[in-house]
Amino acid sequence: MKGTRPLTPKEIKQVYDAFDGKCLIRNRALFQLGISCGARISELLALLIGDVYQNGAAVTDLLFKKNIVKGGEVSRAVPLNADGRSAIDALINWHQADYGSIPQQRVLFPSRVGQGNCAMSRQYAHQVLKDAFEKAGLNGKLATHSLRKSYAQRLYTATGDIYCVQEMLGHKSVETTQAYLGVDYQKLRSASDEMVIFSENKQKGIKGISDDTLLIELARRGFDIGDLVSQKERNQTHAA
C-alpha cells in the first residue's frame, strides 16, 4: 500500500503482545511470519500447511511458488529465521488442537467459516492487523503492507545490500526496491529528537551516530538540510 510505513523493532514487539481473542495464535502467527519473510499478504494467505511444514518440522527456506506470486512469473525462496519458524510451529499446534489434524493441503491461515477449507480474506486480515496496531497504541499509516516494508527495512539495515532486498521481495528492478525502502523511520525519529531546541526534555538519539552522519543520511534521501546545517554551525560558533 502506497505510503504505508514500516514498524520499528520496538513497535513490532508491541504489536506482537497486542493480539488477543479466540484466534490469537493464528493472527499473531500471520503477523510474525509476515515480519519474518516479507511476503505480500496475498502470498501469505495462499500458503498451505505443506508449504511451511515438512517432515515434522517448519521449513528453513520458504518457497513462494509461481502460482501465488504476484504476476505469476517467477517463484522465490526466502530463508526463515527462528522467529518465522516459531510462528509456523505455533500455527501447526493450533491447527492440530482446533481441527484434530494437519493435512498438507489445508490452507495455513483458515477462515473460521468453512471448517478450515478456505483462507482468511485480505479484508479480514487487514482488520485483524489494524486492530492490533491500534491496541498497541501506534499511529501513522499502517496496514498489511507494513509487515513487508518492515522486513525490507530491517534486511537492508542488516545487510546494506539493496540487491539482496530486491531478490527477497521479488522486485523486477532495483529502482522499485529503492523507492520501496523510503525513509529509515528509526534514524529519522532520532534525527528529529536531536533537532529539539525549545524542549527542556530533549531526548537522545541513537548512540554512536554523529550529527554529521545523520545530516548526510537525510541529504542522501532527498531532504533539504540547509536550515539544519546553518543551525549546527551557529551552535558550534556559540560553543566556541
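Reply: Gladly! Helices (H or I, at least four residues) and strands (E, at least two) are DSSP runs, numbered from the N terminus. The loop between strand S1 (53–54) and strand S2 (57–58) holds Asn 55. This is a predicted model, where local features need pLDDT of at least 70 and side-chain atom pairs count only at pLDDT 80 or more, while totals for chains, interfaces and linings use all residues. Residues are numbered from 1 along each chain as its sequence is written, and side-chain values use heavy atoms, with hydrogens and water left out.

Me: What is the phi of Asn 55, and is Asn 55 buried or exposed?

Reply: Its phi is positive, about 55°, although Asn 55 is not a glycine. For burial, we call a residue buried under 20% relative accessible area, exposed over 50% and partly exposed in between (1.4 Å probe, protein chains only). Asn 55 is exposed, at a relative accessible area of 84%.

Me: How many helices and strands does the protein chain have?

Reply: Twelve helices and four strands. Of the 240 residues in the chain, 42% are buried.

Me: How should I read a pair of packed helices?

Reply: Two packed helices are described by the angle between their axes and the distance between the axes. Axes are lines fitted to C-alpha atoms, for helices over the stretch in contact, and angles run from 0 to 180 degrees between N-to-C directions. Take H7 (residues 145–159) and H8 (residues 162–169): they pack at about 150°, with axes 9 Å apart. That makes H7 roughly antiparallel to H8 (angles over 145 degrees count as such).

Me: Which residues of H7 and H8 meet?

Reply: Contact means heavy atoms within 4.5 Å. From H7 come Arg 148, Tyr 151, Ala 152, Leu 155, Tyr 156 and Thr 159; from H8 come Ile 162, Cys 164, Val 165, Met 168 and Leu 169.

Me: Which residues of H9 are buried?

Reply: In H9 (residues 174–181) they are Val 174, Thr 177, Tyr 180 and Leu 181. They cover an arc of only 115° around the axis, so they lie on the same side of H9; the arc is that of the directions from the helix axis to the C-beta atoms. These buried residues pack against H7 and H8, while exposed Glu 175 and Ala 179 are on the face turned away from the buried side.

Me: Where do the buried residues of H1 lie?

Reply: Glu 11, Ile 12, Val 15 and Ala 18 are buried in H1 (residues 9–18). Their arc is only 125°, which puts them on the same side of H1. The face turned away from that buried side carries exposed Lys 10, Lys 13 and Asp 17.

Terms used:
Parallel < 35°, antiparallel > 145°, perpendicular 65-115°, else oblique.
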